[in-house]
Amino acid sequence: MSIGKPSKSKPYQIIIGFMIVCFGACQNRVQEDQEINFFSGAKAEWITDRQELPQYDSLFYLNQPAAHFRKTFSVGKQIAQAKLLITAAGYYLASINGNLVGKNVLDPAWTDYDKRVYYTEYDVTNLLTEGENCLGAILGNGFYNPLPLRKWGRRNLREDLASLGKPTLLVKLVIDYQHGISEEIVSDPTWKYAPGPIMKNSVYIGVDYDARRELIGWNKPAFDDSTWETAIIQEGPEGNLEKSFFPPVQITEEIMPIEIYALPEEIFIVDMGVNFTGTYKIKINGNRDDTITFRFGERIYEDGTLNPMTSVIGQIKRKGVGGPGAPEVAWQTDNYVIGSSTPAWFQPAFTYHTYRYMEISGLENQPKISDIRGLFLHSNVSKPNHFSCSSELLNDIQQATERTFLANLVSVQSDCPAREKFGYGGDINATSESYIYNFDMQAIYHKTVYDWLDAMKDTCFVDTAPFAGIQYCGISWESAYLITQYYLYLYYNDTRIVEELYEQNKQWMDKVARIHPDGMIDQGLSDHESLQPVPVELTGTSHYLQCARIMVRFARVMDDPIHEEKYQRLADHLRSLIKTKFWDQSVTGDINRQTLFATLLYHDIIPAEAIAAAKDSLLQAVSNGPSGHFNTGIFGTKYILEALSKYVSPQAVFNIVNSTAYPGWGYMIDRGATTIWETWKESDNVYSNCHPMFGTVTEWYYRWLGGIRPDPEFPGFEEFILEPTIPEGLNAVNCTYHTPWGPIVSNWIKESSGDCSYEITVPNGSTAKVHLPLTASQKITISKNKNEITPTEIEGLENGQFELGGGDYIITVSAAK
């Protein structure tokens with residue numbers, strides 16, 4: 001994996017819109033065996049149009065057409081290769097000779113633009129032709145030029161974001177010829193621009209598109225741009241320019257509607273069948289000048305009309321809340337004005353919505369299902385891992401969880417993809433292992449850690465990265481900076497991030513000590529969305545303890561015994577504080593006892609001689625929960641899934657997960673959910689229906705049903721635990737997890753004979769520490785790579801606890817007698 005490093009030279013900055021770009025100045029050079037970048041060769045300038053940003057908040061809601069930039073240039077014969085380097089402050093969409101460049105959308109990734117800006121490199125060799133060519137680009141606002149929406153009536157991104165301004169573009173095209181000469185075309189004042197049909201674009205609310213203003217052929221060489229204005233140089237953002245190294249945001253799936261139905265007054269509802277994050281494409285027929293309006297929601301009301309309220313931006317739901325000029329209700333909305341050419345396909349750019357249902361008004365005739373497709377977009381992380389089982393309910397929960405996770409991964413891992421779109425650290429702490437079990441998160445989590453590095457302050461904790469002005473949740477949110485590093489180390493043996501940031505990590509721990517000198521965390525948010533109160537002293541101090549233990553291990557990695565001892569003393573002190581307050585004395589008052597005992601067990605606070613008592617207390621707390629189910633919140637749910645399985649039985653967890661009673665995941669599915677809710681209680685107004693924090697159940701699937709667990713002493717699965725659970729009520733599991741050594745397969749099935757068959761793959765070079773449920777009356781047989789093995793060849797096989805090296809195994813355990 002290649003991670004861009006900050007340049008020692010004066011940083012360039014880039015801004016790109018959405019379309020097609022052409023560069024101005026050219027410079028010839030002899031080809032050199034070095035990486036193409038913005039810091040050598042011809043100098044690319046940040047360019048923009050001449051339209052000034054509004055002076056008053058209310059004016060941001062008026063039309064501000066997105067500028068189309070173009071540059072024509074000549075190309076000689078015998079091109080060896082051509083690379084396009086492009087970025088923007090905001091978003092861009094690029095093309096060459098009318099053909100889109102790449103598949104990325106909402107590019108570049110959101111960052112604190114005054115700290116770092118990522119650029120993308122494309123191979124565009126096949127897009128160029130001998131003779132005249134045209135590079136085109138459209139600039140969108142993104143998070144660099146947001147609307148002054150006052151979320152919750154008070155949070156204005158134009159005041160809260162560290163870096164914002166007018167969208168700007170940075171481009172370099174490098175053409176290498178076969179005879180050894182190279183040519184560079186860069187963004188500069190020779191570029192030309194004109195306003196286009198995108199009249200408004202907001203990453204939150206949506207897009208207004210006027211097809212009457214389309215510039216036909218604008219991104220092709222023969223277009224007459226004599227009336228276009230020349231671009232101007234603008235000082236770009238101050239951040240270091242770095243090459244993108246993580247999966248880009250792309251459209252990964254086209255979703256066919258399952259139903260379209262008509263309401264009175266020529267309103268049509270499109271049901272996509274699932275809740276997701278993205279946009280759409282639609283074939284539009286109608287009369288010139290007619291306006292078609294699209295609204296979006298996660299739900300419908302009982303009468304079939306759209307319910308957009310759970311995805312309203314920033315809870316702006318009445319007049320005056322959103323600030324001057326803001327809509328009374330900030331629902332997700334696009335508008336399209338029909339031009340001269342119909343039918344026409346419309347696909348909005350520079351925005352994304354969260355929805356299952358689309359409301360269309362302004363069309364004379366009901367659209368056909370073949371005329372509409374939902375476009376699911378997210379950071380295109382690979383999904384090499386898999387879980388499925390014999391329970392349809394558990395499979396539905398898994399699919400809803402995967403969909404929720406991806407919907408909340410649009411260059412940052414968000415807590416909800418419509419209302420806020422912010423990268424809250426608490427949700428990352430709760431779900432990062434769950435994400436890792438399902439997707440390859442190594443590169444995107446490196447980006448996440450850098451986002452936190454850029455967001456953090458010296459004297460307080462912040463809640464999101466990139467920083468969005470919110471700073472009240474405390475250490476349980478900002479500690480995502482360190483805890484995410486640990487999971488990169490644990491699951492990928494990624495020591496590079498540890499080595500790179502070790503000094504900053506020590507400084508961060510010093511900051512925590514300054515803010516909370518006695519160690520007890522007494523400020524911040526605790527077990528968010530728990531159905532009963534949870535003191536932050538419990539969850540916050542537990543996260544501090546977790547960080548201290550992480551630093552013990554990191555100090556060991558860095559061969560730093562002095563700090564290893566320092567952080568061990570801190571960990572012992574914090575454990576003692578928690579034990580004294582929450583175990584050694586009776587805890588009275590209104591407190592979520594499920595979260596209490598699960599936290600104490602998960603973080604190894606309870607002494608060995610008291611585990612039995614703590615286990616009984618946890619069981620009693622679960623029994624007292626609604627329907628005997630969990631009532632835990634963002635952290636307590638992760639903790640109780642693990643603690644109840646480890647100290648009581650995975651069967652107890654399975655019984656809850658496999659139920660449709662309230663509260664629970666099965667209840668959500670039974671109520672029609674296709675993504676995971678923000679709250680255990682169903683919400684049709686306030687809370688998001690697409691929120692990842694309760695998706696930690698998928699981690700339990702992999703860890704306990706598949707039984708695949710990392711060993712902290714052997715990071716990266718050089719050695720690992722393989723302990724599949726065979727609960728009553730479940731007949732089969734298929735589970736695959738890809739490690740740095742290769743795939744681990746843990747499949748099992750209960751045969752009709754009563755035997756249980758296991759199909760196991762251990763990657764070459766690694767070792768599985770296998771634990772299978774086995775009684776004295778059961779017999780076990782094993783074959784490796786289709787060759788039967790004598791049981792005595794494997795030590796501990798007869799007890800169900802043994803080790804396996806690399807290979808494919810079939811193990812059969814006879815029915816219990």
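Author: A crossing is left-handed if the near helix is turned anticlockwise from the far one by less than a right angle, and right-handed if clockwise. Helices here are DSSP runs (H or I, at least four residues), numbered from the N terminus. This is a predicted model, in which local features need pLDDT of at least 70, side-chain atom pairs count only at pLDDT 80 or more, and totals for chains, interfaces and linings use all residues. Residues are numbered from 1 along each chain as its sequence is written, and side-chain values use heavy atoms, with hydrogens and water left out.

Reader: Which hand does the crossing of H12 and H15 have?

Author: H12 passes H15 in a right-handed crossing. The axes of H12 (residues 636-647) and H15 (residues 697-705) come within 9 Å and cross at roughly 25°, where axes are lines fitted to C-alpha atoms over the stretch in contact and angles run from 0 to 180 degrees between N-to-C directions. The two helices are therefore roughly parallel to each other, a term for angles under 35 degrees, just as roughly antiparallel is for those over 145.

Reader: How are H8 and H9 packed?

Author: Two packed helices are described by the angle between their axes and the distance between the axes. Helix H8 (residues 536-557) and helix H9 (residues 561-582) pack at about 160°, with axes 8 Å apart, which means that H8 is roughly antiparallel to H9. Their crossing is left-handed.

Methods. Angles under 35 degrees count as roughly parallel, over 145 as roughly antiparallel, 65 to 115 as roughly perpendicular and the rest as oblique.
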